[in-house]
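Me: Please take me through this model, and set each term you use against the criterion behind it.

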Amino acid sequence: MGIHAYFQSLTDLERIIRCPGKFKFQEHSVAEHSWKVVQYAKTLADIEESHGVAVDWKKLYEITSSHDYGEIFIGDIKTPVKHYSMELRSMLQQVEEGMVAHFIDEHIPEEFKSIFRRQLREGKDDSVEGQILEVADKMDQIYEAFAELQKGNSEQEFVVMYRHALIKIKGIRLHCVDYFLQHILPDLVSEGARSQIDIEQITKEALAA
């Protein structure tokens, strides 16, 4: 079927709901998540460049826009489950990467195979772009969890998601992380002050962890 199969498969990302099985005031699809991650990453990269850091924008757009493509094959697996152990995380990653590789081999024309392998690879690594992707991905988890907590959703899953994402972000050494913690997060916490759930205390505990 050629590249048509890839284009057609993108619709499946609109049907995969994040954090399945839990009550949510607002559902979010993987496609929506991917779009937001690109938007976060653009601003985070601008902050890095403002501090003199060189950013490979082509790589950044490729890895942020395609970072969850493999979920077409395995669905969205909750973060606490995915990271229950390094062995489980490694196994899931192997399955996901194997199925993406099989899809490329089966459907993508030979002259484009190397391009698709590069674009659909796991983008989180020690490069500036890979770390920005990690921060942007976790920022969307924070915003998704925050929206539920702010509305009074008492599902413990969202407290765990918020805490885990914030702890992960604060451990990444980037200028944009400092900016997020100093200028963006306080506004978010202030906005959640009227929530039935103590978002400020959850935030303090995560930052102290």
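**Burial, cores and charged pairs**

Reply: K36 is buried, as its relative accessible area is 19% and the cut-off for burial is under 20%. The model is a predicted one.

Me: What makes D140 count as buried?

Reply: The relative accessibility of D140 is 0%, and buried means under 20%. D140 therefore counts as buried.

Me: Why is the contact of K36 with D140 called a salt bridge?

Reply: The closest N and O atoms of K36 and D140 are 3.2 Å apart, and a salt bridge requires a Lys or Arg side-chain nitrogen within 4 Å of a carboxyl oxygen of Asp or Glu. K36 lies in helix 3 and D140 in helix 9, so the pair ties together parts that are 104 residues apart in sequence. Side chains of opposite charge can pair when their charged atoms come close.

Me: What makes E129 and K59 a salt bridge, and which helices do they tie together?

Reply: Their N to O distance is 3.8 Å, and the limit is within 4 Å. E129 belongs to helix 9 and K59 to helix 4, so this pair ties together parts that are 70 residues apart in sequence. Both E129 and K59 are buried.

Me: How do you know that R118 and E62 form a salt bridge?

Reply: The closest N and O atoms of R118 and E62 are 2.7 Å apart, and the criterion asks for within 4 Å. This pair links distant parts of the chain, with R118 in helix 8 (residues 110-119) and E62 in helix 4, 56 residues apart.

Me: What makes H183 count as partly exposed?

Reply: H183, in helix 11, has 40% relative accessibility. Exposed would require over 50%, and buried under 20%. H183 therefore counts as partly exposed. The C-alpha atoms of H183 and K170 are separated by 13 Å, and the two residues are 13 apart along the chain.

Me: Why is helix 9 described as largely enclosed?

Reply: Of its 23 residues, 19 are buried, so helix 9 is largely enclosed by the rest of the structure. From its first C-alpha to its last, helix 9 reaches 32 Å, close to the 33 Å expected at 1.5 Å a residue. Helix 9 is followed by G152, which has a positive phi near 90°.

Me: What makes up the largest nonpolar core?

Reply: The largest nonpolar core has 38 residues, and V135, I142 and Y162 have the most contacts inside it. Helix 3 (30-50), helix 4 (57-66), helix 9 (128-150), helix 10 (156-170), helix 11 (175-191) and helix 12 (199-208) each give two or more residues to this core. The largest share, nine residues, comes from helix 9.

Me: Which residues does V135 touch, leaving out residues up to four places away in sequence?

Reply: V135 touches L44, I169, I172, L174 and V177. A second, separate core has 13 residues, among them A5, Y6, I16 and F116.

Me: What lines the second largest pocket?

Reply: Its lining consists of K124, D125, D126, G130, Q131, E134, K168, G171, I172 and R173. Helix 9 gives the largest share of this lining, three residues. About 180 Å³ of space lies in the second largest pocket.

Me: How many cavities of 30 Å³ or more does the structure hold, and what makes the largest one count as a cavity?

Reply: The structure holds one cavity of 30 Å³ or more. About 40 Å³ of space lies in the largest cavity. A cavity is a space where a 1.4 Å probe fits but cannot get out. The residues lining the largest cavity are R18, C19, K24, Q26, H28, E144, E148 and F158.

Methods:
Residues are numbered from 1 along each chain as its sequence is written. This is a predicted model: local features need pLDDT of at least 70, side-chain atom pairs count only at pLDDT 80 or more; totals for chains, interfaces and linings use all residues. Side-chain values use heavy atoms; hydrogens and water are left out. A nonpolar core is a set of buried Ala, Val, Leu, Ile, Met, Phe, Trp, Tyr and Cys residues joined through side-chain atoms within 4.5 Å. Buried means under 20% relative accessible area, exposed over 50%, partly exposed in between (1.4 Å probe, protein chains only). Helices (H or I, at least four residues) and strands (E, at least two) are DSSP runs, numbered from the N terminus. Contact means heavy atoms within 4.5 Å. The expected span of a helix is 1.5 Å times one less than its number of residues. On a 1 Å grid over the protein atoms alone, a cavity is a set of points where a 1.4 Å probe fits but cannot get out, and a pocket is an open set with protein on both sides within 12 Å along at least five of seven lines; lining residues have an atom within 4 Å of a point. Grid points are joined across faces, edges and corners, and a volume is the space filled by probe spheres set on the points.
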